[in-house]
Amino acid sequence: CLADGRGAQRWLSVETIPVPPLADAAPCDIITCRGCCRPVTLNLNRNQLMVRRYLALASLASIYVFYTIPISAAQSLVDPKFLSETLPGFYEWINQTKYLSTEIMSGLVAALLYTLFFALCPILFKSIANSGSQA
């Protein structure tokens, strides 16, 4: 940032003044991830803004509606009945331990899957917000 040095037409470079980031990414630059990870609102026309806004809303709606399907599918793989059919040795071993059973294991896996999903939510929402037209 440049500042005038005491009104004497001497412009000095000042590094300590914070400058807000501009939305200067290329609109369709997926290779360098600059268009995906930074706002791009300054260099888009109205049609691109409208398409990006509707795509952002559609992706949010699909996340809200369909997020339980992959979590439920992964959780069904650790279901005690399915586990006894696919991995009988592991099923018998885990039921022989004193502190662990297949029901506890199924509950832990479900909790870990939900934790992983909610840990990834901010990253998903930030990328949707930056690729949309309202960033």
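Residues are numbered from 1 along each chain as its sequence is written. In this predicted model, local features need pLDDT of at least 70, side-chain atom pairs count only at pLDDT 80 or more, and totals for chains, interfaces and linings use all residues; side-chain values use heavy atoms, with hydrogens and water left out.

**Exercise 1.** State the secondary structure of the chain and the order of its elements.

Solution. Helices (H or I, at least four residues) and strands (E, at least two) are DSSP runs, numbered from the N terminus. The chain has 6 helices and 2 strands. Along the sequence they follow β-β-α-α-α-α-α-α.

**Exercise 2.** Find which elements have the lowest and the highest mean pLDDT.

Solution. pLDDT is the predictor's confidence in each residue, from 0 to 100. The chain average is 75, and 65% of the residues score at least 70. Strand E1 (residues 2-4) has the lowest mean, 51; helix H2 (residues 46-66) has the highest, 86. Where pLDDT is low, the predicted coordinates should not be read in detail.

**Exercise 3.** Determine which element gives the most residues to the nonpolar patch, and classify Ile 123 as buried or exposed.

Solution. The patch covers about 890 Å² of surface, and its residues include Tyr 64, Phe 66, Leu 116 and Ile 123. H2 and helix H6 (102-131) each give two or more residues. H6 gives the most, with 5. Ile 123 lies in helix H6. Buried means under 20% relative accessible area, exposed over 50%, and partly exposed in between (1.4 Å probe, protein chains only). Ile 123 has 57% relative accessibility, so Ile 123 counts as exposed.

Note on methods. Patches are made of residues with over 30% relative accessible area and no salt bridge: like charges are joined within 9 Å, nonpolar side chains (Val, Leu, Ile, Met, Phe, Trp, Tyr) within 5 Å. Accessible areas come from the Shrake-Rupley method with a 1.4 Å probe; for residues, only the protein chains shown count as cover. A salt bridge is a side-chain nitrogen of Lys or Arg within 4 Å of a carboxyl oxygen of Asp or Glu.
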